[in-house]
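Subject: Structure handover

Hi,

Here is the structure we talked about. Please open it and keep it beside this email as you read.

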Amino acid sequence: MTDATTTSLDLSSASLEPPTLSRWRHLMQRPLKIQFARMMLIGSDEQGELLNGEGHVEFPDDETIVYHMRGTSDDIQTLLSRRVSSDRDRYDARLGFRLQCVGADGAVFGSAWHIPHLRPSEAGDGFLICTGEVRGFWIDEPLPVAAMNSTEVAVHIQSASELDFSLHHLVRSGRTVHVFGEEIRFLYDRPHGTLWATVGGSGRFRFPFAENWLVEPFRILFAQLVYPRLIARNDGNGRAAVSVRTTSSFLPNTRWITLWSNDTRYTDCDGFWALYASILAFVVRSHEGAEDPDLDSTIVTELYEQIVLATQGSRWVWAMVIASSIENLLTKLMPEHGVNPSAKLADLEALSGHVRAWQGDANLRNSLLDTLARRRNLSPKNVLTAMKRARIISKGEFDAWEGLRNKSMHGNPISDYASSEADATMHELASLLHKVTLAVVNRVDLDFTFEEPRNTAADRITGLASDNDIKAFQDLPSPHAVPLDPVEVLLEALARVGLVSAIAAVHLHVDYVAQRYRTGVPEQPTTT
């Protein structure tokens, strides 16, 4: 069985809406304001509740959650002392505070560590006003939920975005995807801009990773900062932990780097979900293969996140970030240890031994040893060359990366003025990014042992010139003449002194040119 199987359309009348999160659908609304009759500011576990009162929590937009509480403290000295300590060392979360809010139905909203603002009430009534901003809340679901071990997520989709149009066509009345034998169910509620997804937690999609994994492929596929807003972890015994989080607003000007952007992007349902499943399988394998798995995105997703952010900057920033991201991805296609199979290791080691034995300047010796060591290893350009040779990428894409990378990375600004040539180069770079991404996701094996075919006509020409001590020279009849390359100059010199006849020279030249272009115009030898 493959890691990711083909997807199938679910046209049953049964609802695919997650059972736990359906009760909390109101938390998807923006703007949203929730009143709480009881709110508590908590310090360390030993200190407990340092401020008690009432107030509200506001969700004004995608990226913000703020609260306002009016309360009193039974230990004002400890409260203020901890607040001063937290301000002194803002990078130590353990010195911060947690907020707890108790809802009318008994649900407890608990925040992560943060640093609040405290001030006396303007009414002079002895109350303290506490305000702050948090990244989200964990909610202890007080009501029983389905006795199933699963993860549920709800994602806000911006109306009229490319993702909105795509999901409307690609999810339809529901969609199921199978990855590693686990069924993932999707439902898109377009009127409310909500994508629902559910996956069982009995296999490889375990807590707390699955909630982030399910959404990660969308950031790559659509070049948008797509994150879950609501999450539910159903532990299988009728209890669940629900989370509401801040998310990122969709950004403009990212369409040109969208991976899923073919002409059939709204109709090729099977193709889209097969690609989603393969990226998700890659995400799971990447986390499982890490020495220290964490909740962060995989490196491929992180690179796309940075590229998305870079699209809000100048074209120079675009070029630098995309080119360097491609370079990072290319290293993932190298064999283990990155040793070049074509490197002549014995010769390199023998020469390295001579350099190590040299008693001259140590810095120069170490520099030479570093240069020789690099000859042992593959470079990103070696990987791109292998991909071009395998016809995975085009010459235009190769040239776009090499040109823009060298220009942008060495301090040469790229003009912000659009032109057909500049736009074409940037689109070649984006296309290369997509092809390298798919090669990494699909674990493409490349052949690095290939040696460029020799141009036998060039060998005969240069050999004949060397045997007869013929030097290269060239007389250009006019400033508009097309210059000959070094081998053609040699051939002309041989013909001039009569070492080859005119007919033989023509045959050699035709043979040379044919081999030259068949082998991709290899680098010509330098002559004097």
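Start at F180. Is F180 buried or exposed? In this predicted model, F180 has a relative accessibility of 18%. Buried means under 20%, so F180 counts as buried. F180 lies in the loop between β11 (175-179) and β12 (182-189). Its backbone deserves a look too. F180 is not a glycine, yet its phi is positive, at about 55°. Most residues other than glycine have a negative phi.

A160 has a positive phi as well, about 70°, and A160 is not a glycine either. Find A160 in the loop between β10 (149-156) and α2 (162-170). A160 has a relative accessible area of 53%. Exposed means over 50%, so A160 is exposed.

Next, the peptide bonds. Most peptide bonds are trans. P31 sits in the loop between β1 (8-9) and β2 (32-42). Then go to F207 and P208. That bond is cis too, with omega near -10°. P208 is in the loop between β13 (194-200) and α3 (210-213).

Now the strands. Strand β9 covers residues 136-140, and four bridges join it to β6 (residues 108-111). β6 and β9 run antiparallel. β9 is also joined to β15 (residues 240-245), by five bridges. β9 and β15 run antiparallel as well. Which residue of β9 is the bridge partner of F109? The partner is I139. In β15, I139 has V242 as its bridge partner. Trace F109 to I139, then I139 to V242. As you do, remember one rule. In a regular strand the side chains alternate between the two faces of the sheet.

On to the helices. Helix α5 runs over residues 269-288 and has 20 residues. From first C-alpha to last, α5 reaches 29 Å. That is close to the 28 Å expected at 1.5 Å a residue. How many of the 20 residues of α5 are buried? The count is 15, so α5 is mostly covered.

Helix α12 (residues 420-441) holds A424. A424 is partly exposed, at 41% relative accessibility. A424 and G396 are 28 residues apart along the chain, and their C-alpha atoms are separated by 9.6 Å.

Q359 is in the loop between α8 (345-357) and α9 (362-376). Q359 is exposed, with a relative accessible area of 70%. A polar atom of the Q359 side chain lies 3.0 Å from the backbone oxygen of A357.

What about cysteines? C101 is buried, with a relative accessible area of 0%. C130 is buried too, also at 0%. A search of the whole structure finds zero disulfides.

Last, the whole chain. It has 528 residues, and 44% of them count as buried. There are 15 helices and 15 strands. Take the contacts with a separation of 6 or more: residues 24 or more positions apart account for 70% of them. The accessible surface comes to about 26,900 Å². Carbon and sulfur atoms make up 53% of that surface.

Best wishes

Conventions
Residues are numbered from 1 along each chain as its sequence is written. This is a predicted model: local features need pLDDT of at least 70, side-chain atom pairs count only at pLDDT 80 or more; totals for chains, interfaces and linings use all residues. Side-chain values use heavy atoms; hydrogens and water are left out. Helices (H or I, at least four residues) and strands (E, at least two) are DSSP runs, numbered from the N terminus. Buried means under 20% relative accessible area, exposed over 50%, partly exposed in between (1.4 Å probe, protein chains only). A polar contact is a pair of N or O atoms within 3.5 Å; within protein, one must be able to donate a hydrogen and the other to accept it, and residues adjacent in sequence count only if both atoms are side-chain atoms. The expected span of a helix is 1.5 Å times one less than its number of residues. Two strands pair if DSSP finds at least two bridges between them. A disulfide is a pair of cysteine sulfur atoms within 2.5 Å. Contact means heavy atoms within 4.5 Å. Accessible areas come from the Shrake-Rupley method with a 1.4 Å probe; for residues, only the protein chains shown count as cover.
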